[in-house]
Amino acid sequence: MKTGYKDRAASARAVPDRIAARDRTRWLAAVAADGGRATTATGLLLLDSVAAIGFAGGLAGAIVAVPQGMVAVLPWAALAATSGVARGLFAMLSARTGAAEAERAKIGLRRRVVGAALHRDPASAITTGAFMSAVVDEVEALDGYVARFLPARKAGAIAPLLILAATAVASPIAACILVTTLIPFVVAMILAGGAAADQSRRQFVALARLTSHFADRVRALPIILAFRGEERETKEIGRAAEDLATRTMRVLRVAFLSSGSLEFFAALSVALVAVYCGFNLLHLLPFSVPEQLDIGGAFFVLALAPEFYAPMRRLAAAYHDKQAAETAADRLAILPVVHAAAAVPIPAGLVDIVFDRVTIRYPGEARPAVSDVSFAAPAGRIVALLGPSGSGKSSLLHLLLGLAPLGGGTVRVAGVPLAPGGSLAALASWAGQHPLIVAGTIRDTLTLAHPAATAWEIDEVVRRAGLAPMLRARPGGLDGPIDARGGGLSGGERRRIALARALLKPAPILMLDEPTAHLDSEAESALIATLAVACRGRTTLIATHSERLAAIADHIIRLGDAA
């Protein structure tokens, strides 16, 4: 008998969904804790409710004091005005505090996502676009959860009780009406939340899928254009965008209906309190009650009635933020947890690096990238790691930056062992195989390594890297505009820019990964001559397969065949 694909897919999804449901609250609590647990913002919202009681008291007292003249009215009017100003101040401070706590939480989470992207398993199905979507959209979805929902949830559990207690002092019957009408209000909130949750989750997943897909296609744009696939990809992105628009409209329809139902019950409860107060004052109630309101008590109760539902309205308005955060948590929680790399203390002067029987094995790989490698890089000398592609040259450099796992052996820097996952980023300058160019100017790209560099320091590294002739011929020189792809620059020019950026950082270690790869013979010779001068005075590790480049090194370490 043939089993349906949808049944198998649903079964495969069931376990992860249960795991996510069980751990989601704990995961979100941990993220929120990075921002400060929202206690300050909650306290400010509670003070807003206290100020609302003061405003109602001032309003009621001023109305009662009108027949006694302005002198009697002024203290009550001052109380109402002060309470009103305080409410605005508390609301503003609560919003700012919540936003600051959310920002701290997002910064911490983005560091985790970037760490997971740098350390991801090569066999992982998570694409670069998915990581981009995670670090932008999905992390941003937690903003409202920390900034608005958490303070509103905590305040919503306490503030109505404060309002109810103040109301009961003036009118126990009005307080009973508020409690009674609270039941359908809560039922409406539960039904609205349940109806909106699924639609909101589907809409967020569609947004994440569209963002990830679009980011991946932008990265692959040259290939898509080369194979004339732009029309097909445009249609696919268009279908994903239409699906997102449809799901967004469904969310908006549910949100409109739920908001309308909540407002109806809130208005109904306030109207019932108003009718009771009016009939009580006029002695027209069709039944007897154990209280008789005066004008002051009636106005006090009427002013507080809407405030009883204000915290719950605030919570209902922020409920969508909770749904978005839960959906984002389901997607973010599957990313591997990467702890911050342990930094090596920065010693004074030059440093030496010793590899002692080092093994590097990436997760999921049958064979190690590097096995039982030992050599030393003396302080201030140039060491070339020579070998074919796949022999582990880049992995050894990545190990020093905390980007490759130390599976065995020891690395010592200035005599200090490098801890597993440790990084020499604070001690090292780096130029990789694919130089990063930032959109802006060449100066912006250079100062990425050392933002505080002086004009003299920049001019010096430009000279040492051999960039001066290119800059003289380029309009604008250092301040000439450049795009993120380095448009208008040759491969050799991009590599010289990367070299100049690495030299600009005042670090005792310099690491270069295939600096002359894919260059023609003339460009390679020119860059080798530049490197021979530029690398002096630092402990330099150069990963290369070029014998010509290795010839400038003080020591050559020959690695074996590709792993």
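Predicted model: local features only at pLDDT ≥ 70, side-chain atom pairs only at ≥ 80, totals over all residues.
Visitor: How many helices and strands are in the chain?
Guide: The protein chain has 17 helices and 11 strands. Helices (H or I, at least four residues) and strands (E, at least two) are DSSP runs, numbered from the N terminus.

Visitor: How much of it is buried?
Guide: Of the 563 residues, 43% count as buried. Buried means under 20% relative accessible area, exposed means over 50%, and partly exposed is in between (1.4 Å probe, protein chains only).

Visitor: And what about the surface of the chain?
Guide: The accessible surface comes to about 28200 Å², and 64% of that belongs to carbon and sulfur atoms. Accessible areas come from the Shrake-Rupley method with a 1.4 Å probe; for residues, only the protein chains shown count as cover.

Visitor: Helices next. At what angle do H5 and H9 cross?
Guide: The axes of H5 (residues 142-170) and H9 (residues 295-317) cross at roughly 165° and come within 8 Å. That makes H5 roughly antiparallel to H9. Axes are lines fitted to C-alpha atoms, for helices over the stretch in contact, and angles run from 0 to 180 degrees between N-to-C directions. Under 35 degrees counts as roughly parallel, over 145 as roughly antiparallel, 65 to 115 as roughly perpendicular, and the rest as oblique.

Visitor: Which residues make that contact?
Guide: On H5 they include Phe-149, Ile-163 and Leu-164, and on H9 they include Phe-300, Leu-304 and Met-312. Contact means heavy atoms within 4.5 Å. The residues of this contact divide into 16 nonpolar, three polar and three charged. Here Ala, Val, Leu, Ile, Met, Phe, Trp, Tyr, Cys and Pro count as nonpolar, Asp, Glu, Lys and Arg as charged, and the others, Gly among them, as polar.

Visitor: What about H8 and H9?
Guide: The axes of H8 and H9 come within 10 Å and cross at roughly 170°. H8 is therefore roughly antiparallel to H9. Among the residues in contact are Ala-266, Ser-269 and Val-273 of H8, and Val-301, Ala-305 and Tyr-309 of H9. By class, the contact has 15 nonpolar, one polar and two charged residues.

Visitor: Is Ser-269 buried or exposed?
Guide: Ser-269 is buried, with a relative accessible area of 0%. Ser-269 sits in helix H8 (residues 230-281). Neighbours within four places in sequence aside, Ser-269 is in contact with Thr-181 and Tyr-309.

Visitor: And Thr-234, buried or exposed?
Guide: Thr-234 is exposed, at 53% relative accessible area. Thr-234 is in helix H8 as well. Between Thr-234 and Arg-217 there are 9.8 Å in space, C-alpha to C-alpha, and they are 17 residues apart in sequence.

Visitor: Where is His-283 found?
Guide: His-283 is in the loop between H8 and H9. His-283 is exposed, with a relative accessible area of 60%. The phi of His-283 is positive, about 60°, although this residue is not a glycine.

Visitor: Which residues does Ala-498 contact?
Guide: Leaving aside neighbours within four places in sequence, Ala-498 is in contact with Ala-431 and Pro-435. Ala-498 is in helix H15 (residues 491-504) and counts as buried at 5% relative accessibility.

Terms used:
Residues numbered from 1 in each chain as written. Heavy atoms only, no water.
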